[in-house]
Amino acid sequence: MTPTLHSERLEFTPYRSEDEEAFVTLLRNEEVRRWMGQDEVPEDDLRKAFRMILTDIYPKGLFDVWGLWHEGRYIGHAEAKKTGNVDGHELITALAPEYWGKGFGTEIVRALVRHAGDNLGLKEVYGMVGAENAASLAMAERLGFSHVRDVVGDDGSVTKMFVISTAT
């Protein structure tokens with residue numbers, strides 16, 4: 001079961017049905033999608049994905065996924081899961097643009113790395129960052145992530161794969 005986590009300013013909570021609008025709004029945001037490397041997804045598909053978190057992912061314990069809250073306001077989304085992108089667990093985050101540049105991304109990733117080591121027993125975790133996402137690339141460097149390789153998409157876009165030890 002996905003645990004509730006806390007960092008200095010944030011609460012990571014498993015989603016509840018009443019969080020659907022916030023989730024959909026975040027993932028329909030053009031800037032958020034761009035930096036996540038996601039194409040526009042029909043709203044109905046996002047709603048289905050959200051409901052799947054509640055009806056499939058949580059009940060089966062497939063992976064950890066949270067809504068991120070600051071002072072009672074939804075500000076983002078986070079996951080720690082196995083993906084086809086890496087040989088291990090990938091950390092995935094999305095933060096509402098009005099919270100960019102305030103240190104929340106760093107706080108989120110630190111908490112996820114700690115969770116991966118302390119609660120999931122992982123020795124390392126991965127992150128994928130678009131080559132044009134200068135802010136996230138700088139954050140990965142500051143946090144001590146090591147570049148593994150570049151992944152070139154079918155459209156020619158480049159995503160950088162990073163790894164970090166959970167003992168950091």
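**Entry 1: helices α4 and α5**

I began with helix α4 (residues 104–118) and helix α5 (residues 134–143), whose axes come within 10 Å and cross at roughly 50°. That angle makes α4 oblique to α5. For the record, angles under 35 degrees count as roughly parallel, over 145 as roughly antiparallel, 65 to 115 as roughly perpendicular and the rest as oblique. Axes are lines fitted to C-alpha atoms, for helices over the stretch in contact, and angles run from 0 to 180 degrees between N-to-C directions. Helices (H or I, at least four residues) and strands (E, at least two) are DSSP runs, numbered from the N terminus.

I noted that the model is predicted: local features need pLDDT of at least 70 and side-chain atom pairs count only at pLDDT 80 or more, while totals for chains, interfaces and linings use all residues. Residues are numbered from 1 along each chain as its sequence is written, and side-chain values use heavy atoms, with hydrogens and water left out.

I recorded the crossing of α4 and α5 as right-handed. A crossing is right-handed if the near helix is turned clockwise from the far one by less than a right angle, and left-handed if anticlockwise. On the α4 side the contact (heavy atoms within 4.5 Å) is made by G105, T106, V109 and R110, and on the α5 side by M139, R142 and L143. By class I listed three nonpolar, two polar and two charged residues in the contact of α4 with α5. Here Ala, Val, Leu, Ile, Met, Phe, Trp, Tyr, Cys and Pro count as nonpolar, Asp, Glu, Lys and Arg as charged, and the others, Gly among them, as polar.

**Entry 2: helices α1 and α3**

I then looked up α1 and helix α3 (residues 43–60), which pack at an angle of about 130° with their axes 10 Å apart. That makes α1 oblique to α3, and their crossing is right-handed. From α1, E20, E21, F23, V24, L27 and R28 meet E43, L46, R47, F50, R51 and I53 of α3. The residues of this contact divide into six nonpolar, no polar and six charged.

Is E20 buried or exposed? E20, in helix α1 (residues 20–28), is buried at a relative accessible area of 14%. Buried means under 20% relative accessible area, exposed over 50%, and partly exposed in between (1.4 Å probe, protein chains only). Leaving aside neighbours within four places in sequence, E20 is in contact with R47, F50 and R51.

**Entry 3: Y74**

I located Y74 in strand β4 (residues 73–82) and found it buried, at 15% relative accessibility. Beyond its neighbours within four places in sequence, Y74 contacts Y15, A22, F23, L26, G67, L68 and W69. The side chains of Y74 and Y15 are joined by a polar contact of 2.8 Å. A polar contact is a pair of N or O atoms within 3.5 Å; within protein, one must be able to donate a hydrogen and the other to accept it, and residues adjacent in sequence count only if both atoms are side-chain atoms. The Y74 side chain also reaches the backbone oxygen of G76 at 3.2 Å.

I placed T2 in the segment before β1 (5–6); T2 is buried, with a relative accessible area of 6%. Its side chain makes a polar contact of 3.1 Å with that of D64.

I found E71 in the loop between β3 (64–70) and β4, exposed at a relative accessible area of 70%. Phi of E71 is near 50°, a positive value in a residue other than glycine.
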